[in-house]
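Student: I would like to learn how to read a pocket in a model. Where do we start?

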Amino acid sequence: MNNEQVSLLPLSKDTEDETLVKSLFLQPSTLRYWFQPPFANEDELTQFIDTHIKADDVVSMTINVTESGMAERQIKVGLVEVIDIDQIARCGEIEITLLDRQQGHGYAQIAFQQMIDLMFKTYNMHKLYLYVDVENAPAVHIYKKLGFETEGTIKDQFYSMGSYHDAYYMGLTRSSYENK
């Protein structure tokens, strides 16, 4: 990651963000691990973005990489969000996806850490949790590296690509985050 900086920006209705979200949810890796079908039409895409911008129980950020060199430019590489935020219990589900061509550069780990920091420091969350396919070893490795602990295995939790998949339920509490 030479001369590159990763930052998070709130998801918006601009054309670049719409293109990013559409691209993310057309690629097989996102469909496989986010367990969400592709958007059937532009209205579904618009509804997804509207919901993730306006909802009180969602914090949705684009992952942006600023490349330095002859001319500085910013590219959008993925999406990280916390959904289903329970305002009373102060917990929510964190999830991330990157464009396939942007994977393997360390962006996911940096963006995930930035989102964790934001949620605990700014939003005063008590706990972040996630579901991850037990077969997604690279993601499990990153989550453990960032302090998430496997709290259980859920059998046949998701249906994707023609079969059911087990998922780990992993969590990170504020106290574990502060003590790592």
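Tutor: With the term. On a 1 Å grid over the protein atoms alone, a pocket is an open set of points where a 1.4 Å probe fits, with protein on both sides within 12 Å along at least five of seven lines; lining residues have an atom within 4 Å of a point. This is a predicted model: local features need pLDDT of at least 70, side-chain atom pairs pLDDT 80 or more, while totals for chains, interfaces and linings use all residues. Numbering starts from 1 along each chain as its sequence is written, and side-chain values use heavy atoms, without hydrogens and water.

Student: Which residues lie nearest the centre of the largest pocket?

Tutor: I96, T97, N136, A139 and Y143, out of 35 lining residues.

Student: Which element gives the largest share of that lining?

Tutor: Elements are DSSP runs: helices (H or I, at least four residues) and strands (E, at least two), numbered from the N terminus. Strand 4 supplies 6 residues, the largest share. Strand 4 spans 91–98. Other elements supplying at least two include helix 3 (42–54) and helix 5 (137–145).

Student: How are aromatic rings read?

Tutor: A pair is described by the distance of the centres and the angle of the planes. Rings of Phe, Tyr and Trp (its six-membered ring) pair if their centres lie within 6.5 Å. The whole structure has 10 aromatic pairs. Y129, Y131, F158 and Y169 are linked into a cluster by ring pairs.

Student: What share of the 180 residues is buried?

Tutor: Buried means under 20% relative accessible area (1.4 Å probe, protein chains only). Here the share is 44%.

Methods. Phe/Tyr/Trp six-rings, centres within 6.5 Å; stacked < 30°, edge-to-face > 60°. Buried < 20%, exposed > 50% of the residue type's maximum accessible area, 1.4 Å probe, protein only.
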